[in-house]
Amino acid sequence: MAVPQLPLAALLPDLGASDWLAAQVAEQLVVYRYDGGTRPSAHELQQIRYYVPPYLGGTQDLELMANMPALQVCQTLTAGTDNVLPYLPAGVTLCNAAGVHDASTAELVVGLMLASLRGLDEFARAMPGGYWRPERRQSLADRRVVVVGFGGVGQAVVTRLEPFEVDVVAVARSARTEAGRTVHALTELPELLPTADVVVLVVPLTDTTRGLVDTAFLARMPDGALLVNAARGPVVDTAALLAEVAGGRLRAALDVTDPEPLPGDHPLWRTPGVLISPHVGGNTSAFEPRARRLLADQLRRWVYGDPLRNVVKVGTERG
């Protein structure tokens, strides 16, 4: 008996618009919608070949893949995919959202730097009491900023820093010349850190970067330096960081933490010199239009058999 051919079925989030998928692609797809609410039916899951997990979804959304026997592609809406890998079925192509969050994350990195250096968080805390506390703070101008990670987000950070009259040093897994800039290797960090006023982390979480910022790393940073983490929480040893910031030697601006979400009773919340945002680097109004453009292009490529973009080779994410 002949095996019936499954349709080209995709399980996609709504993304705030209904007309973002080109008609010539949409007419060849069976599209099911899923935004993390009502679970798709067993019949629908059996058909799905292309799955886009909801943005900021949970493990229950990733566990659905175990019930998709026809699944060919998992397309995330995040740049990082470390949380997806444990749930990815064998043989399924994984693509990330590289490029979608570059602008938003780079904006936040610069914002965290400015807020921390200029004391904007402290000024905000003084407002409810009506305290007027002028004082001289550090400028971003004339600082040396070491950006660890030179993928899309790292390059976007560097581009936005250039008008601020800073000395930017780019670091990645391997040394190279890219975008007209010398990029240093991770192995050079021990020599670079003592010269850094600000260290920005925008690397993917891999076996190489997990725990990268440990006691030895932090000890090499000079007194008063600022660590900005917009990568993943486990890139930094939280206990080692807390020891440095609690003593007042270093400062930190963190969009990601380990653990995450950070428990309400964690001492980082109340440590002077620490500024925390709740992992919102990519979650801005810039997300949906860029996500729609990426998915429209990826689905067109998939339907017509063209090479997909942003295919993740496990363990070799570039940074």
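Visitor: Where is Thr-271 found?

Guide: In this predicted model, Thr-271 sits in the loop between strand E12 (251-254) and strand E13 (274-276).

Visitor: Why is Thr-271 called buried?

Guide: Its relative accessibility is 10%. Buried means under 20%. So Thr-271 counts as buried.

Visitor: Which residues does Thr-271 touch?

Guide: Leu-242, Val-245 and Ala-246, leaving aside residues up to four places away in sequence.

Visitor: What makes the approach of Thr-271 to Pro-267 a polar contact?

Guide: A polar atom of the Thr-271 side chain lies 2.7 Å from the backbone oxygen of Pro-267. The cut-off is within 3.5 Å. The distance of 2.7 Å meets that cut-off.

Visitor: Now the sheet. How many strands does it have, and in what order?

Guide: Five strands, in the order E2-E1-E3-E4-E5. The sheet is open, with parallel pairing.

Visitor: Why are E2 and E5 called edge strands?

Guide: Strand E2 (30-33) and strand E5 (93-95) each pair on one side only. Neighbouring strands of this sheet are turned by 25° against each other on average, direction ignored.

Visitor: How do you know that E1 and E3 pair?

Guide: Pairing needs at least two bridges. Three bridges join E1 (residues 9-12) to E3 (residues 48-51). So the two strands pair, and they run parallel. In E3, Ile-48 is the bridge partner of Ala-9.

Visitor: What joins E1 to E2?

Guide: Four bridges, with the strands running parallel. In E2, Ala-9 has Val-30 as its bridge partner.

Visitor: What makes E3 and E4 a pair?

Guide: Two bridges join E3 to E4 (residues 73-75). At least two are needed, so they pair. Tyr-51 stands opposite Cys-74 in E4.

Conventions
Residues are numbered from 1 along each chain as its sequence is written. This is a predicted model: local features need pLDDT of at least 70, side-chain atom pairs count only at pLDDT 80 or more; totals for chains, interfaces and linings use all residues. Side-chain values use heavy atoms; hydrogens and water are left out. Axes are lines fitted to C-alpha atoms, for helices over the stretch in contact, and angles run from 0 to 180 degrees between N-to-C directions. Buried means under 20% relative accessible area, exposed over 50%, partly exposed in between (1.4 Å probe, protein chains only). A polar contact is a pair of N or O atoms within 3.5 Å; within protein, one must be able to donate a hydrogen and the other to accept it, and residues adjacent in sequence count only if both atoms are side-chain atoms. Contact means heavy atoms within 4.5 Å.
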